[in-house]
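Subject: Structure for your files

Hello,

Here is the structure I said I would pass on. My notes on the contacts follow below it.

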There are 8 protein chains.
Amino acid sequence: MTAGEIDLDFERAERIGLEEAIYCAGKSSAQIAAILETAAGRGTPLLLTRLDADRLAGLPAELAAQIDYCAVSHTGFFGPLCPADGPARVAIVAAGTSDTPVAREAERVLRYQGRASSMILDVGVAGLHRLTRRLEEIRRHPVVIVCAGMDAALASVLGGLVSGAVIAVPTSVGYGAAEGGRTALNAMLASCAPGIAVVNIDNGYGAACAALRLLHAAERIAKA
Amino acid sequence: MTAGEIDLDFERAERIGLEEAIYCAGKSSAQIAAILETAAGRGTPLLLTRLDADRLAGLPAELAAQIDYCAVSHTGFFGPLCPADGPARVAIVAAGTSDTPVAREAERVLRYQGRASSMILDVGVAGLHRLTRRLEEIRRHPVVIVCAGMDAALASVLGGLVSGAVIAVPTSVGYGAAEGGRTALNAMLASCAPGIAVVNIDNGYGAACAALRLLHAAERIAKA
Amino acid sequence: MTAGEIDLDFERAERIGLEEAIYCAGKSSAQIAAILETAAGRGTPLLLTRLDADRLAGLPAELAAQIDYCAVSHTGFFGPLCPADGPARVAIVAAGTSDTPVAREAERVLRYQGRASSMILDVGVAGLHRLTRRLEEIRRHPVVIVCAGMDAALASVLGGLVSGAVIAVPTSVGYGAAEGGRTALNAMLASCAPGIAVVNIDNGYGAACAALRLLHAAERIAKA
Amino acid sequence: MTAGEIDLDFERAERIGLEEAIYCAGKSSAQIAAILETAAGRGTPLLLTRLDADRLAGLPAELAAQIDYCAVSHTGFFGPLCPADGPARVAIVAAGTSDTPVAREAERVLRYQGRASSMILDVGVAGLHRLTRRLEEIRRHPVVIVCAGMDAALASVLGGLVSGAVIAVPTSVGYGAAEGGRTALNAMLASCAPGIAVVNIDNGYGAACAALRLLHAAERIAKA
Amino acid sequence: MTAGEIDLDFERAERIGLEEAIYCAGKSSAQIAAILETAAGRGTPLLLTRLDADRLAGLPAELAAQIDYCAVSHTGFFGPLCPADGPARVAIVAAGTSDTPVAREAERVLRYQGRASSMILDVGVAGLHRLTRRLEEIRRHPVVIVCAGMDAALASVLGGLVSGAVIAVPTSVGYGAAEGGRTALNAMLASCAPGIAVVNIDNGYGAACAALRLLHAAERIAKA
Amino acid sequence: MTAGEIDLDFERAERIGLEEAIYCAGKSSAQIAAILETAAGRGTPLLLTRLDADRLAGLPAELAAQIDYCAVSHTGFFGPLCPADGPARVAIVAAGTSDTPVAREAERVLRYQGRASSMILDVGVAGLHRLTRRLEEIRRHPVVIVCAGMDAALASVLGGLVSGAVIAVPTSVGYGAAEGGRTALNAMLASCAPGIAVVNIDNGYGAACAALRLLHAAERIAKA
Amino acid sequence: MTAGEIDLDFERAERIGLEEAIYCAGKSSAQIAAILETAAGRGTPLLLTRLDADRLAGLPAELAAQIDYCAVSHTGFFGPLCPADGPARVAIVAAGTSDTPVAREAERVLRYQGRASSMILDVGVAGLHRLTRRLEEIRRHPVVIVCAGMDAALASVLGGLVSGAVIAVPTSVGYGAAEGGRTALNAMLASCAPGIAVVNIDNGYGAACAALRLLHAAERIAKA
Amino acid sequence: MTAGEIDLDFERAERIGLEEAIYCAGKSSAQIAAILETAAGRGTPLLLTRLDADRLAGLPAELAAQIDYCAVSHTGFFGPLCPADGPARVAIVAAGTSDTPVAREAERVLRYQGRASSMILDVGVAGLHRLTRRLEEIRRHPVVIVCAGMDAALASVLGGLVSGAVIAVPTSVGYGAAEGGRTALNAMLASCAPGIAVVNIDNGYGAACAALRLLHAAERIAKA
């Protein structure tokens with residue numbers, strides 16, 4: 001791919017309210033650099049996801065220096081960041097320590113789009129008291145993103161306890177019958193708690209985008 | 001199961017804003033009748049889903065007479081229905097004729113909970129002009145439920161065209177590689193359009209509940 | 001198969017403490033009748049599982065008359081039943097009404113082997129209060145059999161709340177991503193609560209046998 | 001994850017009789033170190049599972065020095081070990097040499113909780129005489145943990161020969177149709193020997209926990 | 001398909017030593033009748049497999065009358081049967097009563113091709129003594145066909161005990177994790193006993209053909 | 001494999017109009033070198049596919065020097081290249097940057113066989129305007145190869161907009177529910193747009209060969 | 001669905017050269033009747049696929065009378081049929097008798113669009129001579145549709161023998177490891193013969209449409 | 001595992017006619033060395049399979065020096081080799097170059113047990129003439145082992161052309177829809193040619209053992 005062949009979707013924010021983001025996993029450092037230069041040429045900031053340390057190290061130093069990088073979530077902000085205003089309307093809840101990278105990805109994507117959020121970690125249902133003692137805090141947010149792997153039981157339990165929107169992200173945590181996150185995915189889809197909306201495995205980015213769409217909808221309704 | 005063993009979740013509406021619904025597919029007519037009598041004894045209305053014609057016919061006549069039944073979606077309203085007020089905030093969009101039962105189930109569940117919605121049928125992307133000529137109408141709704149089977153491409157295309165919340169319901173329409181709806185499910189989860197939230201295969205009920213949760217969240221935000 | 005070719009495992013009880021049981025699903029009424037006659041000739045009682053109404057109706061009337069049949073669990077006791085003595089050491093807990101047949105099969109198998117048990121139905125985690133209000137009752141039993149389909153979250157939640165043995169039975173309740181019980185099975189195997197032992201989908205019989213083995217072990221330890 | 005965000009379940013032993021264990025596979029050395037320091041601060045010992053040599057090497061030397069590490073099973077005991085008392089009530093039986101790591105993990109977890117066990121290795125059914133010559137020894141234990149991969153036939157054969165509790169652990173040994181342990185898992189679940197309880201693939205930890213739950217139950221029954 | 005379009009492979013016996021057989025499952029009674037008439041016109045006998053009672057009943061009476069039908073195995077011999085000579089060189093061993101149809105199909109196909117065989121039924125490994133007491137009888141046959149479903153452990157145990165050729169047929173007996181015979185199939189392929197050759201699920205016909213090929217090979221070697 | 005054992009299909013071009021190509025993924029550098037030498041000895045050019053940088057580096061320098069290598073598509077032309085004549089009849093359309101290697105492989109294979117083609121990259125349906133603004137250009141080609149991963153919606157949308165032949169190549173781009181390209185494969189096979197022909201995942205080579213067969217067919221029809 | 005909600009894609013033929021076809025499998029007789037009436041009102045003929053005998057019988061007699069129905073392929077022509085002109089450019093080749101319905105569906109769809117084709121049945125590779133004796137006839141057609149189930153080896157063998165376009169249709173013929181056609185599908189996609197284009201399982205309609213697209217492309221090239 | 005815990009099955013050859021073989025893939029160099037020393041102590045030769053170069057390099061030099069190693073098939077002969085006598089009764093036929101390692105493993109295992117065999121490589125059906133020109137040579141062997149990946153069509157074609165025993169080994173050659181050898185496995189099991197016996201994916205060892213069992217059977221029949 002030469003620079004002339006790149007066709008970024010810069011109109012996306014205008015059309016659907018979400019900025020174009022660059023998914024780096026399938027791209028070489030050279031391809032990512034070409035994209036960053038195109039954006040820099042237009043003065044457009046960019047969100048980078050699945051940017052691992054090797055690809056980051058392969059970028060020209062002057063480009064890498066403009067990236068605010070998070071090693072836990074493998075996300076990067078390229079260019080200036082808009083301020084986050086207003087209260088945190090999204091709670092990001094994760095079952096275990098191993099789910100943190102996905103939760104953090106969701107938090108970073110929301111932040112990039114100017115939205116604050118609250119993190120509630122390590123509240124898996126094997127120790128239900130850990131969840132119940134933070135339930136009131138969770139309920140204060142109209143939107144809840146739940147990150148859980150293995151049996152994903154946290155999503156069902158939360159879904160039966162909160163009345164707001166629940167966006168569930170299965171994670172690939174676990175082994176054997178966890179099937180790389182497919183069991184968590186299926187359990188969330190087949191949840192006994194009604195109205196849980198699900199995104200792809202490990203897709204913290206997608207969960208944040210679903211939350212952003214929902215906040216757009218809420219703001220339209222509030223204005224109407 | 002004897003009547004004494006039934007433990008319906010009548011507090012659900014208070015807790016999470018969604019009325020208890022009875023999923024009839026795995027239950028005998030006798031079990032359903034016992035549940036209806038319990039509800040009737042309390043004066044509580046009930047929503048019935050996956051109630052096929054055979055089970056309906058197996059109910060005592062006096063109970064069956066109190067059910068407002070829809071043969072397309074296999075749903076029933078037992079007891080008085082609350083009025084639907086306000087504008088339709090949810091558009092229910094379906095790719096083909098065969099997706100109608102799922103779309104109708106979503107519409108009926110919303111109606112049961114007092115929410116109006118708009119139906120836009122037969123807009124599959126194989127004839128893209130059918131979708132584009134109804135796009136403005138769809139965009140007027142802050143929430144869109146998309147029902148599609150087979151390749152589920154409609155969800156991705158719509159997701160790239162509207163800025164509101166998109167809840168996608170894969171349907172089991174198709175054969176062979178459609179894998180009973182699993183291909184549509186996976187395609188929606190792996191959509192190239194960001195922020196699409198997905199529910200279980202053929203789960204019009206779940207899509208409606210996700211929309212209701214979202215409207216709750218929106219109303220909380222509007223009040224804040 | 002002629003009568004001469006039948007080779008029932010009548011020594012099983014002596015060898016492993018579990019009576020031979022006849023799994024009827026893959027057998028014709030004629031084959032089942034031949035087995036019953038062999039047992040009757042020896043004066044041996046038999047446990048019949050997965051005996052549906054059609055096969056039962058196909059048996060000679062004099063054989064059918066000797067069967068104590070349960071239409072919910074599709075089990076039959078052929079011949080005299082030994083008395084159940086002692087307290088109920090096994091709690092059988094089920095998430096929803098649709099899981100009742102599996103729970104009942106477990107109860108009947110335990111009863112056939114002379115063991116009492118307690119049934120706790122309709123305590124799925126979507127309404128967590130239903131479970132917590134019966135938790136003390138469940139905890140009084142050293143062994144808990146949990147029956148749940150769909151997301152099977154009940155097994156994980158219970159596993160985090162009780163210290164006794166937990167035997168989990170996934171059920172085929174649900175559709176789509178429930179994958180005929182495979183999601184519940186995998187979720188139980190990948191549970192975040194440690195030490196949950198799992199049997200096959202819808203295998204109430206196997207759960208009861210696992211409980212019986214455990215009670216044998218406990219009695220040996222008690223005597224030692 | 002900062003230290004302030006860690007919420008270990010230190011009440012677990014009191015609640016369900018099993019100490020909190022740290023599953024290290026999805027965690028960085030830094031995360032593990034933070035957890036160990038939290039535990040050290042409270043004076044609480046910890047069990048570490050799936051701790052590979054690389055993560056161990058990445059820990060600060062003073063923490064690593066406090067770990068009693070087993071390179072075969074990838075387990076570590078952090079802090080003082082309680083003594084094991086009483087006779088070995090659990091036999092751990094493994095089909096082949098390649099199943100040893102899983103068997104050893106079960107033995108180590110039992111030991112951590114103060115329980116002795118007996119190891120019987122290399123008794124796969126392809127050479128049935130190897131099993132039969134150790135059968136009496138196995139039968140002396142009321143609880144048997146069976147570790148087997150590939151066809152997992154050992155679990156069925158043993159299940160037909162012993163009357164005690166049988167906990168089966170499928171291992172990921174084998175290739176092709178062994179499907180990474182799924183064939184062994186399914187074969188154990190579908191065993192022709194009744195009452196076999198199954199845990200996740202390679203889950204020696206889970207098998208030990210199931211045995212511990214069972215011993216708790218047995219001791220309650222013995223006291224009653 | 002009109003009679004003119006039928007192109008039976010009548011040269012098959014000459015080419016590979018196996019007579020053409022008609023697999024009836026996917027054919028209508030009319031198609032089967034057309035095939036039988038073609039064969040009758042040439043004076044060629046035919047073997048019919050998977051001929052269920054409905055399709056048999058749908059054949060013209062004069063054709064049906066020429067079929068020697070076995071209701072257990074759903075096989076039919078159309079036309080005169082050649083005599084079976086020589087000793088039984090093939091033992092057909094089945095684990096349980098439900099495996100009988102598959103075992104019988106193998107027996108019938110061998111008989112059609114003029115080969116005697118011995119049936120040993122109901123020797124599943126859950127009661128190992130049933131197998132060991134017939135082991136000498138099985139060992140007298142140089143070729144063993146093993147039919148087993150569920151965990152298929154019988155194939156591995158036998159494979160470790162006999163030195164002759166072992167042809168394993170997985171059956172679809174069982175439910176849930178038995179996965180319609182796929183677990184038995186995979187367990188046979190991944191058997192810990194070396195040199196087991198496997199055919200398709202429920203394919204008693206294929207097992208018999210594999211045995212016939214093997215007998216051809218043996219006879220060529222004997223002559224050499 | 002020694003040189004004497006190599007049996008290349010040099011008659012292939014004559015028989016089916018496609019040159020023999022060497023799939024290098026499963027071969028060692030030594031095996032590839034032996035094949036190249038055989039071809040060099042006959043003066044036959046060869047197309048190499050899936051030739052990664054490591055294998056290329058492992059070839060003797062004099063052989064490597066004769067290879068026109070493309071690092072994006074991992075293809076190599078060994079020996080002289082025939083000229084490409086005539087207009088580009090094939091459009092190669094790709095959804096995203098990550099699909100480029102597959103698209104480039106198709107382009108290179110066509111070029112090797114003397115056919116020009118046009119590349120249209122980065123026209124995924126999440127930004128539909130990018131596709132529509134290049135639609136006329138695409139329509140000028142009677143044959144369209146579509147490369148897309150994840151949901152593969154581009155294939156369905158294009159299939160509903162062009163009247164020429166559509167050959168769809170699923171790519172392994174994406175994660176989780178993208179299932180390594182299987183979701184894209186199934187979505188293309190189950191497309192709501194009729195008459196889309198599909199090749200294997202990431203098989204740019206196969207798509208080019210299918211296009212070449214089609215051009216042969218077209219030229220035969222044109223001559224008739 | 002009411003008549004007012006039907007939105008047939010009558011412009012399809014103009015846009016992509018293929019007439020709108022009605023897939024009847026997921027529709028009720030009432031829905032099909034509504035569609036036929038809409039078409040009749042416009043004077044537009046329609047192609048009906050997957051129209052089984054029950055649905056046909058459920059149509060109003062006056063509508064049913066206008067359908068030219070084929071019971072083998074379950075297809076119907078509604079309204080006048082355009083004449084087929086020109087030579088047969090498509091050979092439809094099927095492996096066995098059970099593949100006939102799929103082959104016939106392809107033939108009927110081509111005929112509906114005015115294209116003649118040749119049927120070559122019963123040429124499966126288990127009797128290779130049956131194929132070779134018809135090879136010249138097959139080669140006379142520039143386009144070959146291959147229908148095969150089970151191992152689908154016919155597609156690979158033909159693909160190595162003909163130079164024209166090959167469109168492969170896997171069929172659901174077979175059992176067990178045939179996996180309802182998925183094995184044939186995968187074998188065709190992974191064929192060792194290059195350039196085979198594949199459509200969905202049992203999708204004779206799709207194969208015909210792919211052939212029609214190809215003939216359009218060929219005719220454009222011929223005119224250029 | 002300490003040396004004292006090793007329990008090799010040295011009686012295997014006596015019992016089933018096959019020497020014990022050591023599958024090295026799941027074992028450390030230390031474990032393999034312990035096994036070799038045990039065998040050396042008894043003066044017993046050993047066959048080693050799946051012994052990769054790294055594990056070989058990890059063995060003590062004096063042990064490694066006693067191994068006759070084949071780098072293509074990853075097999076080793078430890079200790080003296082018995083002579084191979086008699087004619088080659090087994091033909092090993094492979095579809096492509098990439099199947100060579102599996103074919104060579106079969107050849108080496110046969111050789112270890114004193115049996116000669118003939119190798120026929122590179123005869124895949126995409127160039128059918130390559131197979132037909134070696135058909136007479138293949139037919140001279142009463143037993144044929146067929147190694148093929150991808151579509152595995154070679155097994156079906158050969159199965160229709162030879163009358164001897166056919167043992168099919170699917171290989172993991174191919175990508176995407178080849179599914180790591182599962183497609184080849186399923187295609188062989190569902191082959192349209194009757195009587196093909198199948199072993200596990202890439203299991204050249206198993207194919208050789210099946211051939212050895214068959215030769216035992218043949219020799220018994222020849223003597224009878």
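Which residue of chain H forms a salt bridge with Glu179(D)? The partner of Glu179(D) is Arg182(H), with the closest N and O atoms 2.8 Å apart. A salt bridge here is a side-chain nitrogen of Lys or Arg within 4 Å of a carboxyl oxygen of Asp or Glu.

Before the rest, the conventions. This is a predicted model, in which local features need pLDDT of at least 70 and side-chain atom pairs count only at pLDDT 80 or more, while totals for chains, interfaces and linings use all residues. Residues are numbered from 1 along each chain as its sequence is written, chains are lettered from A and ligands numbered from 1 in the order in which they are written, and side-chain values use heavy atoms, with hydrogens and water left out.

Chains D and H

The pair above belongs to an interface in which the rule finds one salt bridge. Four residue pairs are also in polar contact across chain D and chain H, both residues being at pLDDT 80 or more. (A polar contact is a pair of N or O atoms within 3.5 Å; within protein, one must be able to donate a hydrogen and the other to accept it, and residues adjacent in sequence count only if both atoms are side-chain atoms.) On the chain D side, helix 5 (100–112) and helix 6 (128–132) each supply at least two residues; helices (H or I, at least four residues) and strands (E, at least two) are DSSP runs, numbered from the N terminus. By class, that side of chain D has four nonpolar, seven polar and five charged residues. The classes put Ala, Val, Leu, Ile, Met, Phe, Trp, Tyr, Cys and Pro as nonpolar, Asp, Glu, Lys and Arg as charged, and the others, Gly among them, as polar.

In total, 16 residues of chain D and 18 residues of chain H take part in the contact, where contact means heavy atoms within 4.5 Å. The two chains bury about 1500 Å² between them, 44% of it on carbon and sulfur atoms. Buried area is the accessible area (1.4 Å probe) lost when two parts are put together, summed over both. Of what chain D buries against chain H, Thr97(D), Arg130(D) and Tyr175(D) supply 36%, more than any other three residues.

Not every pair of chains touches. Chain D and chain F have no contact, their closest C-alpha atoms lying 17 Å apart, and for chain A and chain G, also without contact, the nearest C-alpha atoms are 21 Å apart.

Inside chain A

An automatic or database domain assignment divides chain A into domain 1 (17–78) and domain 2 (85–222). Contact involves 17 residues of domain 1 and 16 residues of domain 2, and the two domains bury about 1400 Å² between them, 63% of it on carbon and sulfur atoms. The rule finds two salt bridges across this interface; Glu105(A) forms a salt bridge with Arg50(A), at 3.8 Å between the closest N and O atoms.

Within helix 5 (residues 100–112) of chain A, Arg104(A) and Glu107(A) are three residues apart and therefore separated by about one helical turn. Their side chains meet in a salt bridge (3.1 Å, N to O). Over all chains, the count of salt bridges comes to 64.

Regards
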